[in-house]
Amino acid sequence: MSTEATTPKPVELVNVQIDGVWHQFPKGTRVIEACSQAGKFIPRYCYHPKLTSPGNCRMCMVELGMPKMTPDRKPELGPDGKPLHNWIPRPQISCAQDVSEGLGVRTDSSMVQEARKGVLEFLLINHPLDCPICDQAGECRLQEFSYDYGQAKTRFLDEKVKKPKRVEIGPRVTLDDERCILCTRCVRFMREVAKDDVIGIVDRGSYSSISCHPGKTLDSNYSLNTVDICPVGALTSTDFRFKMRVWFLKETKSICTSCATGCNTVISARENIVYRQTPRENNDVNQAWMCDYGRLNFHYLHSPERLLSPVVRGHEQPDWKNAIATAAAELKAVAPEQIAVIASGKMTNEELYLTAQLAKALGVKLHDIVPHTDTGDDILLSTDRNPNTAGAKLLGVSASTPGANLSAVVEGIRSGAIKALIVLGEDATLAGLTSADLTKLTVLVTTAILPNATTAAATHLLPSAAFAEKRGSMINKNGRLQRLNRAIQPPGLARDDWEILVGLTEAVTESSLGFNAIEDVVKAMTAATPALAGLSLSKIGDLGVQLPLPANE
Amino acid sequence: MAYQVPRPKLTFAEKIYLPSVIAGLKITLGHLWRMLRGKTHVCMQYPEEKWDSHLPPHYRGAPTLVSDEFGRTRCVACQLCEFICPPRAIRIKPGEIPAENKFAKVEKFPEEFQIDMIRCIYCGLCEEVCPEQAIFLKKEYAITGTSRAAMMHQKEKLIEMGGIQPGVVNKWNEKK
Amino acid sequence: MNAILHDLADPNSILFMIWTTLAKSAGLLGVVLGMVSYTVYAERRVSSLMQDRLGPNRTGFPISLLGFGLKDWSPILGGLGQPIADAVKLLLKEDFTPAYVKKFYYWIAPALGIAAAIISLAVIPFGSKIGTVDMVIANIDIGPLFIFAISSLGVYGIVLAGWSANSKYPFLGAIRSTSQLISYELALGLSVVPLFLIIGKLNLVEIVHYQVQNGWMLLPGLTAGKLPTLSQVLCWIPVLISFLVFTIAMFAETNRLPFDLPEAETELVGGYHTEYSSMKFALFFLGEYTAMITGSSLIITLFLGAWHFPGIPDGSMSGWPGVLWGLVNIGVFFTKVFAFLIFFIFIRWTLPRFRYDQLMKLGWIWLFEIALVNIFLTALIVAFVH
């Protein structure tokens with residue numbers, strides 16, 4: 001006997017027999033979840049743990065048995081001292097039933113197998129056989145369960161029902177009604193999570209189909225989550241449509257860097273090209289969802305404009321050592337009080353730590369990050385569009401109010417008091433400076449991934465890596481430390497930011513920091529920062545670590 | 001440890017070798033004589049003689065993309081051949097058929113389809129795995145080129161080599 | 001001027017001797033070297049015919065370049081261009097000298113190898129006469145001894161090649177070659193002594209002359225146009241033994257299968273010439289085949305009547321008939337040599353290689369003893385007849 005469910009506060013546990021083995025589950029657990037926890041996976045289409053259970057797909061049927069009662073309402077015990085069951089003669093759905101004391105479940109009896117086979121046959125009656133062109137193929141529940149529980153041949157002789165195909169149900173979602181199995185996950189998601197109840201089922205019987213309410217489109221910022229939860233290929237992402245088959249994709253667990261929420265994601269890439277980003281379940285951050293804005297904000301990774309080689313005073317300098325050495329030498333030639341650093345809230349903690357080290361090495365006192373804000377919502381999207389504002393504050397790169405020092409930088413440059421500027425992963429023109437101001441500087445060192453007004457004026461341009469191309473950690477708005485992972489390699493000669501910063505610092509101090517890998521940087525950073533004490537990239541794990549920090553927002 | 005190889009005891013005839021020499025000459029000169037009289041069947045003289053007309057029906061030559069009777073290239077860019085190809089010779093870039101096209105129902109087609117004939121091992125798995133009966137190994141076996149680029153069979157070349165393959169299942173008809 | 005011209009035509013003058021000798025040398029060298037390349041071709045074609053293949057039948061002469069509607073490929077010319085293509089290839093290939101070789105000896109070894117084979121040709125009477133000129137470059141009285149002496153120098157080429165290459169396989173090949181050549185030279189030399197006992201001469205021209213008079217040594221009755229004498233019949237047995245031993249020893253001397261241990265490919269990569277490439281390798285190759293031709297010539301000369309064929313007169317008459325018959329005699333000689341080369345080829349593609357101990361046993365115990373006994377046997381017969 002094992003107790004699979006562990007809950008922090010003591011709750012009432014009930015005894016449930018699953019396939020002959022007795023387990024204990026907290027009261028209120030759904031039978032389908034209890035079976036999963038007991039290692040008996042129940043196939044399902046309409047059931048989703050984050051949504052309500054309508055019980056309309058009938059796929060999760062199991063045999064249930066109530067404890068046999070003696071006439072005096074006592075459970076009748078078998079020879080092993082456990083209650084006997086009265087099995088209900090028809091299969092029951094397991095997604096809408098909570099566990100109760102003495103409940104018996106059979107997940108794999110011949111009746112259950114027959115029921116599943118029958119349900120699958122009905123679901124497949126009108127389903128087109130177009131797996132070769134269907135984007136869902138490879139991660140399609142209908143395919144998987146047909147293999148596992150269904151039968152190989154169709155007995156259906158009539159013509160299949162024709163429904164609308166290739167419908168642009170929203171700006172980012174394409175609908176194929178013929179493939180739909182009417183599980184209504186999308187309908188419930190839009191109603192319950194996105195609070196934008198625009199889709200529903202129209203018509204009757206075999207002609208039922210998913211449709212948008214008249215005059216509306218599926219244009220919610222969370223519309224692509226319906227694609228994720230659609231168990232078949234009915235809802236597909238217009239952005240990912242026909243781009244790549246899913247079985248080629250290498251999946252890397254990472255986080256979204258488009259706002260301070262830090263939704264957990266999976267980056268899917270093949271041969272150094274990212275094809276899509278999908279949410280990853282993390283009940284402390286994003287449940288199982290993410291917004292369309294963050295999800296699609298990766299195409300710039302493969303922009304033809306990506307910066308590929310260091311540029312020193314207008315000339316390409318493919319020799320990194322040389323480029324970094326000249327940048328450091330020219331920075332050292334300027335007095336410390338004439339230098340300012342503009343860092344970015346998009347940098348990882350490790351990079352921010354190294355930025356602080358560089359500033360210390362140069363003797364620079366004036367540094368800050370550029371705040372980015374935009375309208376947010378009360379679901380996931382944060383108004384703070386810098387993913388690591390908390391990290392910048394913690395590591396002392398940002399002013400206590402991000403951006404407070406920027407006006408001093410602007411004034412210093414305009415008055416000529418500041419002669420050198422280091423801009424890291426930012427566009428200085430967003431900090432109040434103009435392109436004309438930047439030309440006044442004698443030295444402008446910048447790291448960037450795409451060209452902007454700052455890179456155009458830069459004396460030393462050092463191309464760096466984007467979020468999917470590097471490892472590191474970030475702290476979200478709730479003080480949760482999370483981890484970025486490398487899904488692809490940086491293009492051309494572009495380098496990881498931490499290597500550039502280490503190179504600059506070492507060139508300035510003319511001594512080695514002894515950092516050979518990002519882990520060394522993390523070790524130094526956690527040793528120097530009390531709030532991060534004892535942590536490492538591997539200890540952060542896939543789901544992150546909550547830090548004892550005041551909430552940022 | 002030295003090991004003494006056991007040697008067979010030889011007869012006198014064997015010791016002087018000459019009878020064996022004559023016996024050997026009899027065999028080789030017999031072959032020579034048969035050859036001179038044209039009685040020996042020697043191997044096929046390529047390129048004057050070729051296998052072409054004698055190739056068995058299951059012969060596996062170069063993979064090609066076939067078209068159906070209606071002029072549609074049967075491939076829908078499902079990329080299963082790309083997946084199964086053991087030497088990774090196949091590269092496909094899928095694309096969407098525009099809605100106004102007469103084959104719009106099929107939705108998907110290969111924008112680019114490339115088979116690297118330097119890599120191809122003629123195993124035929126692509127033909128076997130294809131759910132659309134779109135890729136067939138034809139009987140061309142003399143695939144040569146003077147550059148790497150010439151050995152990359154692009155879509156146009158593959159379609160031209162494939163030609164029209166009648167009599168396969170028409171899956172994308174009005175009933176489906 | 002007239003005196004010189006007169007001298008040139010006078011058979012007794014020095015000038016006449018010089019130019020005829022030069023002409024004979026050049027002609028013989030040309031014919032033999034051409035023959036070498038086509039022997040290689042014959043070797044490849046014959047071996048392929050014996051093995052149910054076709055062999056090199058493609059390389060012709062690009063005669064279509066001449067125009068006249070000629071075609072390149074024809075069943076006759078197909079493959080005949082192969083030796084030329086091979087020669088061009090060998091000449092144009094990179095002549096690579098490994099860094100670790102002993103340069104001087106490495107360079108001189110191929111030259112030694114081929115020189116020995118070619119010099120031996122000087123005493124072979126390859127024809128009767130054209131007019132008054134003997135068809136032999138150097139008519140000396142110790143022809144066979146000269147040949148044995150010179151051809152044993154050939155081993156220096158092999159030994160130096162194997163040693164200077166500074167590499168194990170060539171070295172092993174050279175050692176094998178040395179011991180093999182020394183072993184079989186004994187049998188080679190001793191086996192022809194009975195012939196000299198019978199003929200009583202060591203001059204090759206005289207030996208041929210003897211055969212013209214009394215029939216070929218090996219086939220006395222068939223070639224003299226008269227019944228063999230009693231002494232010839234009695235001597236025929238030692239001559240046959242002598243022929244067999246001599247031929248076998250000659251195979252060993254020329255490193256031909258079944259005695260090709262010095263270059264046994266399966267054991268020693270390439271034997272003594274493993275480290276050689278391009279023209280230096282070609283010289284070894286040339287030397288080997290030239291030695292084959294020399295050996296065949298010697299066998300023909302000693303046992304099979306050299307240029308003589310029943311019914312064909314020699315070229316000693318004056319005028320054009322002399323020239324004509326002289327040339328025919330030369331033709332007969334080379335036809336015989338070629339036939340014997342074909343025999344060499346037959347043997348090579350029929351027999352497997354000897355084991356080393358078998359090789360030594362055959363040389364020292366069988367051939368050496370047989371040759372010795374044969375000498376006494378011949379001496380007895382000769383004494384009995386006289």
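Predicted model: local features only at pLDDT ≥ 70, side-chain atom pairs only at ≥ 80, totals over all residues.

Analyst: Here are the chain contacts, followed by a few local details.

User: Ok, which chains have the most contacts between them?

Analyst: Chains A and B do, among the two pairs of chains that touch. Contact here means heavy atoms within 4.5 Å. Chain A and chain C do not touch, and their nearest C-alpha atoms are 38 Å apart.

User: How many residues of chain B and chain A are in contact?

Analyst: On chain B it's 25 residues, meeting 19 residues of chain A. The two chains, B and A, bury about 1,800 Å² between them, with 54% of it on carbon and sulfur atoms. Buried area is the accessible area (1.4 Å probe) that two parts lose on being put together, summed over both.

User: How many salt bridges cross the interface of chain B and chain A?

Analyst: The rule finds five across the interface of chain B and chain A. A salt bridge means a side-chain nitrogen of Lys or Arg within 4 Å of a carboxyl oxygen of Asp or Glu. One is between the side chains of Glu107(B) and Arg241(A), at 2.6 Å, N to O. Between chain B and chain A there are also nine residue pairs in polar contact, both at pLDDT 80 or more. A polar contact is a pair of N or O atoms within 3.5 Å; within protein, one must be able to donate a hydrogen and the other to accept it, and residues adjacent in sequence count only if both atoms are side-chain atoms.

User: Which element gives the largest share of the side of chain B that touches chain A?

Analyst: That's β2(B), with four residues. Helices (H or I, at least four residues) and strands (E, at least two) are DSSP runs, numbered from the N terminus. The residues on that side of chain B, the one touching chain A, divide into 13 nonpolar, two polar and ten charged. For those classes, Ala, Val, Leu, Ile, Met, Phe, Trp, Tyr, Cys and Pro count as nonpolar, Asp, Glu, Lys and Arg as charged, and the others, Gly among them, as polar.

User: Now chain B and chain C. How many salt bridges there?

Analyst: The count between chain B and chain C is zero, and two residue pairs are in polar contact, both at pLDDT 80 or more. The contact takes 21 residues from chain B and 20 from chain C. Chain B and chain C bury about 1,800 Å² between them, 70% of it on carbon and sulfur atoms. Tyr17(B), Leu32(B) and Met35(B) supply 27% of the area that chain B buries against chain C, more than any other three residues.

User: Which element gives the most to the side of chain B that touches chain C?

Analyst: α2(B), with ten residues. That side of chain B, touching chain C, divides into 13 nonpolar, five polar and three charged residues.

User: Switching topic: where is Ser167(C)?

Analyst: Ser167(C) is in the loop between α5 (143-164) and α6 (168-191) of chain C. Its side chain makes a polar contact with the side chain of Glu275(C), at 2.9 Å.

Key
Residues numbered from 1 in each chain as written. Chains lettered and ligands numbered in written order. Heavy atoms only, no water.
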